[in-house]
Structure formats: structure tokens, C-alpha cells
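Hi there,

Here is the structure I promised to pass on to you. Please open it alongside this email, and my notes follow below.

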Amino acid sequence: MPAKWKLLLKVQLIGLLNINKARKSDDPKEKRKTTGAIILLSFVGLIFLFYVVLMALAFCSQGLGDKLPAMIVSLSSLIVFIFTLFQGGAMLFGTKDYDIVAALPVSKREVVFSRMLSSYLVNLAFVLIVAVPATVVQFAYNGFILWKLGAIILAVFVCPVLPIAVGASLSAALSALTAGMRYKNLIQSIFAIILFVGIMALSFSFSFSANSETGADMGALYTMLVRKIYLPAIFVQMTLEEGIVWGIFVFTAISLAAGILFVLLISVFYEKINTALRNRGARRAYKSKDIRQTKPFAALVKKEFKRLFSSPAYLLNGITGSILLVIAAFALLFFDLNDLGIPTEQIQEISRTFGYIGVGAMALFIGMSCPSCAALSLEGSSRGLLFAMPVSAKSILLSKAVPTFVINCISGLLFSVLFCIKMQADAVLFILAFATALIFSAFTALGGIFLNYKFPKYDWTNETQAVKNSVPLIIVVFASMIVGIAAAALAAFFGLWPILAMDAIALVLTVAIFCSFNNAKLYV
Amino acid sequence: MEKKILEIRHLRKVYGKNKVAVDDLSLDVCAGDIYGFIGQNGAGKTTTLRAVTGILGFDAGDILIDGISVKDDPVLCKSVTAYIPDNPDLYEFLTGIQYLNFLGDMYGVEKTVRQERIAKYADMFRISGDLGSLVSAYSHGMKQKLALIGALMHAPKLIVLDEPFVGLDPEAAFKLKQVFREMCDAGSAIFFSTHVLDVAEKLCNKIAIIKGGKLIASGNIDDVRGDTSLEDVFMEVLENDAR
């Protein structure tokens with residue numbers, strides 16, 4: 001008989017990956033949807049692969065191939081940590097299946113272990129997508145060395161463990177501290193945002209200090225960056241660059257120890273935190289007050305905003321790009337084009353090129369903020385309630401796009417204003433930045449809800465499954481990365497035109513999606 | 001002649017390629033009817049109720065609510081209907097009063113009417129003091145009561161309920177029956193599924209029995225029941241089919 005944690009893990013993965021729906025359903029629509037999702041994901045995956053290979057080639061061509069694995073470990077660990085933190089404890093606590101699992105004859109340790117393992121596997125998949133092509137390129141460029149391959153495999157496979165353990169521990173601590181509070185979800189979200197902003201600010205400051213400490217030596221700069229982003233990666237670097245074999249074993253030992261410690265520690269408090277979260281002793285006696293009447297669409301939009309702010313996992317995954325954009329906007333306040341030592345006659349030309357690149361980058365960040373791509377899935381088992389209401393499917397879908405549009409618009413326009421001022425932009429760049437902010441906010445919002453309408457996932461047991469591991473999210477985030485990076489890169493060579501083309505395509509698609517909602521139907 | 005509030009005409013719903021959930025089902029629910037819909041698990045009750053409320057598409061037939069086809073104008077049909085599913089999965093991130101206000105806005109219930117009805121039904125079901133709490137803090141029964149208040153708030157012409165008495169305390173169940181009768185006296189119609197045959201027998205004036213997606217019997221309860229009890233009729237229907 002398999003170990004119980006294996007059975008738990010199997011059930012979690014079936015739920016997470018929607019395997020049964022794809023395999024067992026005899027509904028032709030389901031099959032078509034699954035095929036469509038696989039084709040779309042494969043397409044996005046292929047383009048992403050192309051990017052990773054290009055980046056790896058650029059690294060290797062500069063003689064930095066040896067630094068690539070440690071850099072991947074370092075950056076992946078940071079991203080895994082942030083993603084885990086953004087789950088807001090949803091991986092472990094307050095899941096819909098808690099009662100079922102808690103009643104099973106299985107130890108809490110095994111439950112925690114199985115949940116951590118499912119999170120590990122998802123994160124590992126992400127790390128592998130980056131690490132495998134990059135490693136192939138590195139070996140093709142620098143020559144194959146067997147022991148290095150072994151060390152890289154070990155590093156890649158254990159690297160998500162420590163960030164997951166630390167991120168989930170912080171989330172667990174936050175869940176435990178706020179369990180009895182009325183606005184615990186909002187408080188958790190605010191704490192996580194503060195933490196995220198802090199980490200990003202530290203990363204920026206590390207980058208700048210590394211730059212100043214190492215001067216123009218790119219190799220030393222990357223070595224410094226690896227260490228400063230994720231300290232344990234120093235051991236991977238020692239093994240792969242300096243040939244110190246024990247380094248990789250120390251890295252493995254630290255990661256695994258953190259994982260074991262996490263499971264042991266959290267399993268002690270697992271039941272207590274879950275009970276505290278479910279008791280929700282925050283009831284208040286209600287006294288009748290005057291109520292405000294609004295139109296149905298306004299009521300739907302209000303509900304969507306409340307939903308967004310009710311879930312740390314939803315909020316944080318949904319608005320990451322906007323937060324980064326706001327951070328970037330404020331960081332611009334400390335930037336002065338004149339400090340770069342560029343001759344005055346060249347400033348206008350360079351600022352215009354930087355301006356176009358910046359506008360492309362803004363589109364990327366806007367695309368990363370897409371709560372609408374999970375808004376329909378999050379209706380979950382209560383979707384019948386909404387679909388039975390006397391409003392059209394179009395109104396429901398549009399109301400779900402509004403928070404994404406508003407949040408992206410605010411951050412996009414704020415960034416545009418500060419960016420254009422600092423870049424000493426002319427009227428063309430001003431108009432382009434504003435138009436891109438508006439068009440991409442609308443495109444992301446409508447594109448997200450359109451994809452969610454096509455690929456909904458209602459049968460989730462925790463919100464993270466609907467928010468983070470959904471087909472729409474993967475497509476939106478990666479597609480916006482691809483489009484944004486491509487537009488920014490092309491803008492460096494061709495100026496205004498790539499951005500204009502990107503805006504025009506996005507505008508046409510936005511209008512097409514809007515019109516397609518006239519025929520939308522929402523059924524349970 | 002009785003005014004028909006709900007007309008189901010040759011309804012057919014197939015899941016996947018060939019799983020027929022409801023087959024050629026026709027029935028009428030008139031103003032003033034309390035219509036019970038009974039059948040075994042998987043007989044097609046919930047599928048029929050969901051199709052009536054417009055949240056589930058169907059493959060053939062038509063459903064008219066107050067003379068309007070659900071296919072032609074689903075929004076108008078929904079505006080005169082209320083639906084309470086078997087499991088009250090309400091919006092847990094809203095407070096009780098926020099949830100009711102949300103429904104009030106969606107159904108366009110005028111402010112003073114809304115306040116009056118919320119006060120009336122919340123007092124009746126004894127959850128007035130809890131309306132300021134998050135729905136996530138409610139017990140199953142309280143959620144059921146909140147869902148009922150939400151359904152009654154816009155005085156619908158047709159109330160569709162899936163197992164409405166599950167989870168309610170005896171007092172709330174008694175009051176719900178009272179409300180049903182009041183609504184029907186005012187010209188509304190109630191169409192609900194239940195497994196509790198005693199309730200159906202005492203409360204309903206009409207009954208329909210569904211089995212394997214097909215309507216086995218329907219009509220006035222006295223006609224369906226004859227000289228025996230509803231339980232006997234139901235068991236007889238099952239046994240006849242088993243033979």
C-alpha cells in the first residue's frame with residue numbers, strides 16, 4: 001500500500017492539474033477545451049523557450065556561461081519565494097478540503113509534507129523550464145562535463161525547497177497572527193505587499209551597490225548579484241566555478257534541512273491555525289443602518305473589488321505588475337537623465353529611445369497584473385448564484401474586468417507621468433505612453449476575463465489553484481512578457497513603430513473581445 | 001383558468017455524449033401552486049431546476065416563465081425568479097447585510113422596500129443581529145436562512161428551491177412553510193425538490209415524480225396519491241420500474 005502522503009499528493013495534483021476532467025470526461029466540449037489549452041500553452045512555452053535560449057546564448061557569448069547555473073538558481077529561488085509568499089498561507093490553511101483531510105487516519109506531518117510537495121512540484125516545473133534549455137546551451141557552448149551536469153541537476157532539484165519553506169513559514173506566521181481578526185485577509189495582504197516591496201527595494205539597492213563595487217567587470221558583477229540575491233547560491237557557484245565539490249552538498253543539505261524543519265514545525269501548529277481560521281470569532285451584533293441603492297452593474301463591480309481585497313492570494317498574484325510599476329515610478333523620482341554624463345546634444349535622442357523602451361516595458365508590467373484571468377474561476381461553487389441573476393453574461397464578464405482595468409490604469413498612468421517628465425519627453429512620447437497605459441489596461445482586463453471564460457476552473461479546493469495555476473494566468477503573464485520584451489527590444493532599434501504596432505494590435509483585439517461578449521452565455 | 005407561471009415543454013438535457021439527465025419532461029406550475037418535485041438521487045431534479053433558472057443550458061424543448069422563454073430572454077425570466085440551490089454557497093467575503101444589499105441592487109429592489117423586507121424576514125428567521133457578520137462566520141442553517149431572505153426580497157413570481165428544508169431548524173422550517181403559503185396567496189408559485197415526502201404531502205397542492213430523467217406522475221396531490229400515502233406511491237413507482 002502506498003504511503004498516505006503519496007495518496008494525498010496524488011489527489012492534490014489531480015485537482016491542481018485538472019487531469020480527470022481532461023481524461024475521464026466524455027463531454028466533447030471538455031476535450032476541445034483541453035486540446036485548446038494544451039496548444040496555447042505549448043505555443044507560449046515554445047516562445048518562452050526561445051527567449052531562454054537567446055538569453056543563455058547572450059550570457060555564454062560574453063564568457064559568462066559558468067555563471068549561468070548559479071544565476072538561474074539565485075533568480076529562481078527569489079521568484080519561488082515571492083510566489084510562495086503570495087499564496088498567503090492558502091497552500092496549507094483554510095483549504096476547502098480541510099474537514100475531509102483532517103478526518104482521515106493520516107498524521108499532520110504527512111498532510112503538511114504532501115501539501116509542501118505539491119507546491120514544490122509546481123515550482124520545480126517552473127525552474128526546469130528555465131534551467132533545462134539554459135544548461136543545454138551552456139554545455140553546447142562550453143563543452144559537456146559530466147560532474148557539472150550532476151551538480152546542476154542537484155542544484156536545480158533542491159533549489160525550490162528553501163524558498164518554499166521560508167515563504168510558507170512567513171505566510172503561516174501571518175495566518176496565525178491574524179487568525180482572530182475581522183479583516184485578517186486585508187491585513188495579510190498589506191503585510192505581504194510591504195514585504196514584497198521591501199524585497200524589491202533591497203534587490204534594487206543590491207543591484208546598484210553591486211554595480212558600483214565591481215565597476216565594469218561583468219563577471220564580478222554577476223558573482224556579486226548571485227550572492228546578494230540569494231546567499232545559499234554561493235555554494236553552487238563555488239562548485240561550478242571554482243570546482244569545490246562540497247559546495248553543492250552543503251547547498252543540498254541546507255535546502256533539505258530547511259524543508260524538513262518546515263514540515264516538523266508547521267505540523268505542530270497545523271491544526272491550531274486551521275481551527276483558529278475556521279472559528280472566525282469576529283462576529284458583531286448588527287444594528288440596522290441606512291442602505292445605499294446602486295445599479296446592478298455598479299453592484300457587480302463593487303462585489304468584484306471586495307472579492308479582490310478579500311483574498312491575499314488573489315490580490316497579491318493579481319497586482320504584482322502594478323506594484324512593480326508603482327515602485328518603478330517612485331524610483332524614477334531619484335533618477336536624473338543629466339547625471340548620466342550624456343552630451344547635451346545627444347540627450348534628446350537618447351531620452352526618446354529610452355522612452356520607447358520604457359513604454360514597452362510598461363506594457364509588460366501591466367500584463368503581469370491580471371486578476372480578471374481568475375475572476376470567473378473564483379466564483380467556484382457559488383457561480384449558480386451569480387448566473388441566476390437578472391443580468392446579461394456580458395455585464396458579468398465586464399464587471400469582472402473592471403478591477404484589473406482600474407488598477408492597471410492607475411499604476412500605468414502614474415508611471416507614464418513620472419517617466420515622461422524624467423525622460424524630458426516630447427508630446428509624441430507623452431501621448432504614446434498614455435495611450436499604451438489605457439489600451440494595455442483594457443486589453444489585459446478583457447483578455448484575462450475572455451481566457452477565463454474559455455478556460456474556467458471552478459472545482460478548486462484552495463484559491464491558489466484558481467488564481468495561480470490556471471491556464472489563463474500562464475498565457476496572460478507569459479504572453480505579456482513576450483510581447484513587452486519584444487516591443488521594448490525592437491523599440492531600441494526602430495523607435496516608435498514597434499510600440500505603435502503593439503498598441504494597434506492590442507486595440508483591435510480589445511474591441512474584438514468586447515464585441516464577442518455580446519454572444520456570451522454563462523452556465524454552471 | 002389558472003395563470004401559468006412556469007411551463008416546461010418537452011425538456012431534454014444530455015450530459016456529454018449520451019448521458020440523458022432529463023428526457024421529454026413537461027409540466028406546468030400555476031400561480032398559487034406549491035409544487036413538489038420528488039425523485040431518487042440522480043433522477044434529474046437538480047438538472048431540471050437549474051434549467052428552469054437559466055443557469056444550465058438544455059438540448060431540446062423550452063421553458064417559459066410568466067409566458068417568456070428562458071431561451072429568448074433569460075435576463076427577464078431571471079428577474080421574476082428566485083433560486084436557492086441545495087448547498088448555500090454564498091459569497092463568504094461579504095457580510096450578511098452586504099450580501100442582501102447586493103441582491104437588492106441586482107434585482108432593482110427599491111431602497112425602502114428592501115429595508116422593510118430585510119427587517120421582516122431577518123426578524124422572522126432570527127438572524128437580524130448577525131447581518132453585520134461575514135457570511136463565512138455563518139453556520140449552514142444561517143446561510144440557508146440568508147439565502148432564503150435574499151430570494152424573498154424581490155417578491156419573485158416563481159421561487160425555485162433545491163431541497164430547501166435541509167439544514168433548517170424546526171422553527172425556521174415552520175416559518176418557511178408559512179412564507180410559502182403567503183407568497184402563493186399573493187399569486188407567486190413555488191417549485192421545489194425534496195426527499196422529505198411528509199413535507200411534500202402536507203405542504204404541496206401539486207406533485208411531480210421523476211425517475212431516470214422521465215416524469216412518472218404529476219398533478220394534484222390528491223390525484224397522484226389516491227387513497228394511499230405519497231410514500232406508498234413513490235415506493236410503488238420505484239418497484240414497478242425495478243421489475
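This is a predicted model: local features need pLDDT of at least 70, side-chain atom pairs count only at pLDDT 80 or more; totals for chains, interfaces and linings use all residues.

**The interface**

Let me start with where chain A and chain B meet. On the chain A side, 38 residues are in contact with 45 residues of chain B. Together the two chains bury about 3700 Å², and 61% of that area is on carbon and sulfur atoms. If you go looking for salt bridges across the interface of chain A and chain B, the rule finds zero. It does find eight residue pairs in polar contact there, with both residues at pLDDT 80 or more.

By residue type, the side of chain A that touches chain B divides into 17 nonpolar, seven polar and 14 charged residues.

**The nonpolar patch**

Next, have a look at the surface of chain A. A:Tyr183, A:Leu186, A:Ile190, A:Ile194 and A:Phe309 form a nonpolar patch there, and together they have about 480 Å² of accessible area. Helix 9 (residues 184-214) of chain A gives the most to this patch, with three residues. A:Tyr183 sits in the loop between helix 8 (161-178) and helix 9 of chain A.

Happy browsing, and do write back with any questions.

Best wishes

Terms used
Residues are numbered from 1 along each chain as its sequence is written. Chains are lettered from A and ligands numbered from 1 in the order in which they are written. Side-chain values use heavy atoms; hydrogens and water are left out. Contact means heavy atoms within 4.5 Å. Buried area is the accessible area (1.4 Å probe) that two parts lose on being put together, summed over both. A salt bridge is a side-chain nitrogen of Lys or Arg within 4 Å of a carboxyl oxygen of Asp or Glu. A polar contact is a pair of N or O atoms within 3.5 Å; within protein, one must be able to donate a hydrogen and the other to accept it, and residues adjacent in sequence count only if both atoms are side-chain atoms. Ala, Val, Leu, Ile, Met, Phe, Trp, Tyr, Cys and Pro count as nonpolar, Asp, Glu, Lys and Arg as charged, and the others, Gly among them, as polar. Patches are made of residues with over 30% relative accessible area and no salt bridge: like charges are joined within 9 Å, nonpolar side chains (Val, Leu, Ile, Met, Phe, Trp, Tyr) within 5 Å. Accessible areas come from the Shrake-Rupley method with a 1.4 Å probe; for residues, only the protein chains shown count as cover. Helices (H or I, at least four residues) and strands (E, at least two) are DSSP runs, numbered from the N terminus.
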